[in-house]
Amino acid sequence: MAKLEHPDITSDMIPRIDEVINTHKDTAGAVIPVLRECQDIVGYLPVELIDYISIGLNLPKSDVLGVATFYSLFSLTPKGRHIVRVCLGTACYVKGGKEIMNRIRKTYGLDEGETSEDRRFTLEAVRCLGACGLAPVMVVGQDTHGGVTPDRVINILEQYE
Amino acid sequence: MATARLQLMLCGGTGCQASGSREFHAALEEEIKKQGLKDEIKIIETGCNGFCALGPVMLVQPEGIFYQQLKPEHAPLLVEEHFLKGRPVEKLLYVEPASKETIPTMNEIPFFAHQKFWVMKNKGAIDPESIDEYIARDGYFGMAKALTEMRPEEIIQEVRDSGLRGRGGAGFPAGLKWQFASKAESDIKYVLCNADEGDPGAFMDRSILEADPHAVLEGMIIAAKAINASQGYIYCRTEYPLAIERLNLAIKKAREYGLLGEDILDTGFNFDIDIYQGAGAFVCGEETALMRSIEGKRGMPRPRPPFPANKGLWERPSVLNNVETLANIGQIILNGAEWFASVGTESSKGTKVFALSGDINNIGLVEVPMGITLRQMIYDIGGGIPKKRKFKAVQLGGPSGGCVPEQYLDTSVDYEEIARVGAIMGSGGVIIMDEKTCMVDMARFFMDFIQDESCGKCVPCREGTRRLLEILNKICGGEGEPGDIEDLEELSAVIKESSLCGLGQTAPNPVLSTLRYFKDEYLAHVYEKRCPAKKCAALLKFWVDPDKCKKCGLCYKACPVGAISWQKKEPAYIDQSKCIQCLSCYEACRFGAIE
């Protein structure tokens, strides 16, 4: 098998990646689950990893890269320790989601899709988390925060180191 | 286990969990244990109750007492007063905002009283993780009837007679779709469930999956019998982890009970279901794109025909139904087509689940009989508009839909009636907008969404939506010119006519419907450089009306850039050169003195 070398992929990750590839190898249409599970292990999808997956699944590299770039779930660049997802779905937008987003952008000097240099936060805009009853909504990692205001949002984020 | 004296149906839906229902659950459990009531009182974590705005909510059965906005510190009080002494805790009951009247039982709260629970009959009433509780409420009875007593053509006829139409938005008759697939010749066929609920502002499918996952499985098994399929997939968006977890559990349980897998109910019929997680692409809600995605490709639509009923997933005949459509099937088979068709209008039968959100008092999930008017839904169930503001428009159908203004609020919930006023039934997202919403900005918002989610395969959608967005950005940015509105109209017509799939064909709808009803706002933006709703920052100039100013200084304190000068007993003044149009002062003023 090909060799996988990348500064963000540690030696203990490689057997886990191999296992993911081997479990799905013979299933048709397995690219998306494989990419998902590998991203869960590494945190994102470096191009070297995409090469490795395409060899493992015996698919053209262009197919795997094509899928990885099509879906918003996959990221080819590193992510922060905390992924901040601000909902800009209709309900949240009507309730001021844009103002929340602007406050975060100004405070941390981050744009949508960017990661801070210390890899503390990655800022993302999402289109509806289906929690419209709590609009405007922000999700940090696994925690959902509802009824967020521009003033409160920084206090919430400061709790995440 | 002995039957508990009281059952506490605590909502564990996504909305209530985010409001802290897990923490309350832990506190309540602890308190019940402390008081030695563990055998008498049972806490059941249910799926979404629907009244998300008041979360966490809990229903005490069999009394029907409804508690709202619960916090961990309320647990001792509840146990002591209500569960021990039998006195409901008044301060945690629901208060009707208009009359200020306290309403103790759930059935009397107007929000619930005007609804009709068919699809959501089990929501909040059963533990979604228990297959036994689903079966106890006639679950899987419809499937048993279909598998043991009915031939496939009888099943299809029953669904056709019921008049059930696709709840995902387009409203295609479900039975007809099944008939096409049943006639297609192939040894392998698929039944697919579309749980890729992508419309912003829609969360019906998530709630159904979280509250009653077995109802969806039952519908799929019946569909499989009808078209003779042996494999099913549920395509669920990855943003719904709780729904996926509950579905996984439901599938496992159904297999253990012999309701899924080989030789179901000893009838010799084989059918199994797998879950397929989406990866965040709105276009995958389109049927051919969804099938591409399951095949592990980029989720791009393809031209039809051939229709999926003949060539779908892996080129095999496939039926794709939406979550809510499938959740109706079990009851239609069990109770009969006539029962289902007894509710609704001439062309739209049964009920429809809507997600009410935006500027409305009772945010949450509602199920209404077809034929009810939008006004009844917004005012009688939704409780009207908060903060004494005026209603402006209601947006139906998400990015493919349109806005309905005040004068058409008496339109009834019916596929054709809603289409007549320029919106669509859609998947069920209902966003209410008050007078402070700018309709041009709203159109811009949807166009931003669509051009971002356009898959890029066909030119009209990829390039056209981008050009529409550019024009709208220009107008909202105060740089609109004569001709822009005409360009919007022309471009919209072209995109509608020439796009490949439903996403592109409906993409200009938000622009067209706002132009139809709110053209004056577009004109004000372009020709007067004015945003009537005070939303488009570039068009705003704030000043203080000295006559209305109460000299309180709230605006002065609110301004983040020091653009406001104020001294005690003097009206405030805004320095235009420093103002960043952030609206802080406008929001802070309690007297409407800032315009």
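Author: Let's begin with a word you will need throughout: helices are DSSP runs of H or I with at least four residues, strands are DSSP runs of E with at least two, and both are numbered from the N terminus. Please also keep in mind that this is a predicted model.

With those names in hand, look for Trp314(B), which sits in the loop between helix 12 and strand 11 of chain B. Helix 12 covers residues 287-294 and strand 11 covers 318-322, and the loop between these two elements also holds Pro306(B). What is the phi of Trp314(B) near? Its value is near 45°, which is positive in a residue other than glycine. As a rule, most residues other than glycine have a negative phi, and most peptide bonds are trans.

Now let's step back and see how chain B is divided. Its domain assignment lists domain 1 (6-108), domain 2 (131-341), domain 3 (351-434), domain 4 (439-527) and domain 5 (541-595). From domain 1 of chain B to domain 5 of chain B, the C-alpha centres are 44 Å apart. Chain A has domain 1 (13-70) and domain 2 (82-158), and the centres of domain 1 and domain 2 of chain A, taken over C-alpha atoms, are separated by 30 Å.

Four strands form an open sheet in the order 2-1-3-4, and their pairing is mixed. At the edges are strand 2 (41-46) and strand 4 (65-67) of chain B, each pairing on one side only. From one strand to the next, the twist averages 20°. Strand 1 pairs with strand 2 of chain B in the parallel sense, over six bridges, and here Cys11(B) stands opposite Thr46(B) in strand 2. By contrast, strand 1 (residues 6-11) and strand 3 (residues 58-61) of chain B run antiparallel and are joined by four bridges. In strand 3, Val60(B) is opposite Leu8(B), and Leu59(B) is the bridge partner of Met9(B). While you look at neighbouring positions, remember that side chains in a regular strand alternate between the two faces of the sheet.

Helices deserve a look of their own. Packed helices are described in pairs, by the angle between their axes and the distance between the axes. Take helix 7 (residues 152-162) and helix 8 (residues 174-183) of chain B: their axes come within 7 Å and cross at roughly 155°. Angles over 145 degrees count as roughly antiparallel, so helix 7 and helix 8 of chain B are roughly antiparallel to each other. The crossing of helix 7 past helix 8 of chain B is left-handed. Helix 7 of chain B brings Pro152(B), Ile156(B), Val159(B) and Arg160(B) to meet residues of helix 8 including Leu176(B), Trp178(B) and Gln179(B). The contact is made up of six nonpolar residues, three polar and one charged.

A second pair has another angle: helix 9 (residues 204-211) and helix 11 (residues 241-256) of chain B pack at about 35°, with axes 8 Å apart. Helix 9 also passes helix 11 of chain B in a left-handed crossing. Here Arg206(B), Leu209(B) and Glu210(B) of helix 9 touch Leu242(B), Ala243(B), Arg246(B) and Leu247(B) of helix 11. Four of these residues are nonpolar, no residue is polar, and three are charged.

Finally, look at where the two chains meet: 28 residues of chain A are in contact with 38 residues of chain B. On the side of chain A, helix 2 (31-42), helix 4 (61-70) and helix 5 (90-94) each give two or more residues. Helix 5 of chain A gives the most, with four residues. By type, the side of chain A that touches chain B divides into 17 nonpolar, nine polar and two charged residues.

Definitions and conventions:
Residues numbered from 1 in each chain as written. Chains lettered and ligands numbered in written order. Predicted model: local features only at pLDDT ≥ 70, side-chain atom pairs only at ≥ 80, totals over all residues. Pairing = 2+ DSSP bridges. Axes fitted to C-alpha atoms, helices over the stretch in contact; angles between N-to-C directions. Parallel < 35°, antiparallel > 145°, perpendicular 65-115°, else oblique. Left-handed = near helix turned anticlockwise from the far one by under 90°. Contact = placed C-beta atoms within 7 Å. Nonpolar A, V, L, I, M, F, W, Y, C, P; charged D, E, K, R; others polar. Domains from an automatic or database assignment.
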